[in-house]
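Subject: A structure to look at

Hi there,

I am handing over the structure we talked about, and my notes follow below it. Have a look at it on screen while you read.

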Amino acid sequence: MHHEASQASQIRASAKPASALEQLGALGVGGILWQLANDGQIVDVRCEMPQCYCFRGRRYFDPAPAWSDWSPTADHHPRLKMHGGQLTPDNVRLGHKLCNNRDFIWRQKINSMLAKRMSLDEIAARLNEQQVPTIHGTNRWTPAAVRKAFVS
Ligand SMILES: [Zn+2]
């Protein structure tokens with residue numbers, strides 16, 4: 001009897017829009033992202049990367065265990081892992097795996113070229129030579145796109 005009552009309340013609960021925690025749970029997400037949602041630190045399950053490539057939109061995710069391009073991942077932000085950043089509540093954003101990987105590839109390349117004191121023109125030319133995927137909606141790296149990718 002008691003059991004049936006609790007099932008009924010679950011069914012009623014599921015008629016509400018799913019919370020971030022419920023959405024992440026349904027996607028099979030654990031770890032830091034689940035912890036953030038559980039602590040009320042993620043309110044919106046969407047790709048938070050500056051550039052999102054998902055043709056289904058920022059709110060679409062494949063289940064985490066699928067580990068596809070559109071699976072949810074925890075991005076080290078603002079402090080990169082290569083700079084000692086950790087996946088702590090103050091250093092995580094939610095992103096699609098592909099959006100996260102692309103962001104990381106640019107940052108790694110652009111950071112090292114900035115350190116060599118190359119100009120944005122030179123960096124854009126090098127990224128085009130290396131055929132590094134461009135930011136969304138463009139097909140070539142320009143000095144402005146390099147700056148935008150770096151500062152966003
Ligand atoms: Zn995305």
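Which exposed residues does the face of H5 turned away from its buried side carry? In this predicted model, that face carries Asp 121 and Glu 129.

Now turn to the buried side of H5. Its buried residues are Ile 123, Ala 124 and Leu 127. Viewed down the axis of H5, they fall within an arc of 100°, so they line one face of the helix.

H5 (residues 120–129) packs against H6 (residues 143–151) at an angle of about 90°, and their axes are 8 Å apart. The two helices are therefore roughly perpendicular to each other. On the H5 side, the contact is made by Leu 120, Asp 121, Ile 123, Ala 124 and Leu 127, while H6 brings Pro 143, Ala 145, Val 146 and Arg 147. Sorted by class, this contact has 7 nonpolar, no polar and 2 charged residues. After H5 comes Gln 131, with a positive phi near 55°.

Next, the cores. The largest nonpolar core has 14 residues, and Leu 24, Leu 36 and Ile 42 are among those with the most contacts inside it. Helix H2 (20–26), helix H3 (31–38) and strand S2 (92–96) each supply at least two of its residues, with the largest share, 3 residues, coming from H3. Apart from this core lies another of 8 residues, including Ile 110, Leu 127, Val 146 and Ala 149.

Happy exploring!

Note on methods. Residues numbered from 1 in each chain as written. Predicted model: local features only at pLDDT ≥ 70, side-chain atom pairs only at ≥ 80, totals over all residues. Axes fitted to C-alpha atoms, helices over the stretch in contact; angles between N-to-C directions. Helix = DSSP H or I, 4+ residues; strand = E, 2+ residues; numbered from the N terminus. Parallel < 35°, antiparallel > 145°, perpendicular 65-115°, else oblique. Contact = placed C-beta atoms within 7 Å. Nonpolar A, V, L, I, M, F, W, Y, C, P; charged D, E, K, R; others polar. Core = buried A, V, L, I, M, F, W, Y, C linked by C-beta atoms within 7 Å. Buried ≥ 20, exposed ≤ 12 C-beta atoms within 10 Å, placed from the backbone. Arc of directions from axis to C-beta.
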